Amino acid sequence: MKMNKTLLSAAVAVGLLSTSTVTQAAGFQLAEYSATGLGRAYAGEAAIADGADAQWRNPAMLTYLEGTQVSVGGIYVNPNIDVKGEVNHAHPAIGTSQASSNDFADDAIIPNLYISHRYNEKFAIGLAFGTNYGMETNLGDDFNASHFGNEASVITKEANLNFAYQIVEQVSIGGGIRYVMGEGSFGATAPEKNAVAVNPSTGAPISVPAGTTLKYMEGDDTAWGWQVGTAWQINEDHRIGFAYKSEVELKLEGHAEGIGFKMAQGQRANGHMMLALPATAELASFHQLTKALALHASFNWTDWSSFEKLQAELGTSGSHTVKVENWEDNYRFALGATYQIDPKLALRTGIAYDTSAVSDKNRTITIPETDRTWLSVGAGYQWSEQLSFDAGFTYIIAKDAPITESRGYTSDDTAEAVGGQFVGTTTGNVWLVGIQANYRF
């Protein structure tokens with residue numbers, strides 16, 4: 001038992017200290033909560049109870065788990081995102097230049113840990129450690145459109161305490177509290193060809209050295225949220241689940257710098273910017289068609305319209321717009337299947353379509369959000385009565401999409417006056433590989 005406690009503590013530490021994440025669902029949302037679900041493209045998650053990880057998507061599913069269970073795993077993410085275009089400056093002395101950055105989102109490992117305990121026939125509790133949101137992009141110091149932004153990050157870590165109760169034999173409800181730790185940053189620098197002003201006598205552009213900070217702000221915060229869910233067992237072979245996660249608002253307190261904030265190079269000002277982690281909902285179903293074959297489906301909604309802008313509130317110089325976003329709600333459709341070859345081996349597959357959280361007008365270089373198609377396969381193996389393993393593999397195809405900055409907002413126009421207009425496209429794909437171990441006491 002002492003060894004088990006030591007391993008559990010280590011797993012918690014790994015889950016909570018993860019700091020490198022990238023986004024694969026809409027916006028900067030992370031869908032990758034388990035390797036089990038990965039193999040079916042996360043179809044039917046709010047209605048399926050494979051193991052302790054089920055509580056992450058719907059706490060009501062805890063009533064479907066027996067005894068005490070632990071699931072621990074991780075998902076390796078390999079994004080390949082490129083942006084390419086042309087920068088055209090209005091000043092003839094600066095002219096046109098090419099701007100491109102390849103593979104500018106880093107690889108990452110997203111860990112997770114889940115614990116469930118069935119207290120009695122009707123009541124169950126659970127603990128969950130993972131993340132719902134994260135992204136990190138860095139286009140490099142030599143990116144010729146860096147005046148619109150060359151780096152951005154959102155990193156969150158989350159702990160949940162969940163409860164579930166079986167009201168009647170066919171209906172369960174669940175809920176939980178969420179503790180979220182978050183940090184974020186945004187940066188924009190002057191490109192090699194720039195004009196921060198014009199000489200009134202000669203009309204020649206006045207430039208600053210490439211890499212000069214135009215705008216940079218970072219901060220961190222902790223906040224609380226909540227989630228609820230329900231499950232309806234229609235009959236022995238069919239189940240419907242619904243879950244909702246609340247919005248979590250972070251007040252990222254830190255510092256800002258840059259000449260775009262009317263500060264001298266090297267000067268800093270303390271302040272904060274608000275960041276809303278949007279509310280989400282999922283409606284899912286599970287259907288056992290034969291003894292071996294099951295189909296499952298999900299419809300997901302994320303309230304991305306709450307993400308309107310990044311606004312810096314600085315103690316010494318007031319309010320400044322860092323970046324206008326104006327995102328819109330997004331939707332996800334997923335269909336999956338599980339085939340039980342024998343009592344020990346199960347195969348999974350799934351397909352999903354994620355709609356973009358931005359219109360073509362509001363797509364930006366730092367978060368080149370676009371539609372995505374998921375193609376997934378996976379497997380589960382029952383090693384013994386207590387121990388099982390899961391693995392999943394997904395290939396995500398990101399739709400090619402246009403990017404134009406400035407988009408017509410005042411803050412964008414100010415950046416365009418410094419470095420010129422960017423017109424280009426984003427392309428990409430993502431590989432996901434996950435493994436997970438599950439133990440029942």
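This report describes charged, aromatic and nonpolar features of one protein structure.

The structure is a predicted model, in which local features need pLDDT of at least 70 and side-chain atom pairs count only at pLDDT 80 or more, while totals for chains, interfaces and linings use all residues. Residues are numbered from 1 along each chain as its sequence is written, and side-chain values use heavy atoms, with hydrogens and water left out.

**Salt bridges**

Side chains of opposite charge can pair when their charged atoms come close. A salt bridge is defined as a side-chain nitrogen of Lys or Arg within 4 Å of a carboxyl oxygen of Asp or Glu. The structure holds 14 salt bridges, including those in the table.

| Salt bridge | N to O distance |
|---|---|
| Arg363 and Asp360 | 3.0 Å |
| Glu405 and Arg407 | 4.0 Å |
| Arg407 and Asp412 | 2.7 Å |

A network of salt bridges links Lys323, Glu405, Arg407 and Asp412.

**Aromatic pairs**

A pair of aromatic rings is described by the distance of the centres and the angle of the planes. Rings of Phe, Tyr and Trp (its six-membered ring) pair if their centres lie within 6.5 Å; planes under 30 degrees apart count as stacked, over 60 as edge-to-face and the rest as tilted. A search of the whole structure finds 20 aromatic pairs. In one of them, Tyr395 and Trp431, the ring centres are 4.4 Å apart and the planes stand at 45 degrees, so the pair is tilted. This pair links distant parts of the chain, since Tyr395 belongs to strand β21 (residues 387–405) and Trp431 to strand β22 (residues 421–440), 36 residues apart. Strands are DSSP runs (E, at least two residues), numbered from the N terminus. Tyr395 is partly exposed because its relative accessibility is 24%, and Trp431 is partly exposed because its relative accessible area is 36%. Elsewhere, Tyr33, Tyr42, Trp56, Tyr114 and Trp374 form one aromatic cluster.

**Surface patches**

Patches are made of residues with over 30% relative accessible area and no salt bridge; like charges are joined within 9 Å, and nonpolar side chains (Val, Leu, Ile, Met, Phe, Trp, Tyr) within 5 Å. Trp431 also belongs to a nonpolar surface patch of about 530 Å², together with Tyr76, Ile109, Val377, Phe393 and Val433. Phe393 lies in strand β21 and is partly exposed because its relative accessibility is 32%.

A patch of negative charge on the surface gathers Glu183, Glu218, Asp220 and Glu253. Glu218 is located in strand β10 (residues 213–235), and its relative accessibility of 32% is why it counts as partly exposed.

**A loop residue**

Ser384 sits in the loop between β20 (372–382) and β21. With a relative accessible area of 26%, Ser384 is partly exposed. The C-alpha atoms of Ser384 and Lys344 are separated by 8.6 Å, although these residues are 40 residues apart along the chain.

Definitions and conventions:
Accessible areas come from the Shrake-Rupley method with a 1.4 Å probe; for residues, only the protein chains shown count as cover. Lys and Arg count as positive and Asp and Glu as negative; His and the chain ends are not counted. The place of a charge is taken as NZ of Lys, CZ of Arg, CG of Asp or CD of Glu. Helices (H or I, at least four residues) and strands (E, at least two) are DSSP runs, numbered from the N terminus. Buried means under 20% relative accessible area, exposed over 50%, partly exposed in between (1.4 Å probe, protein chains only).
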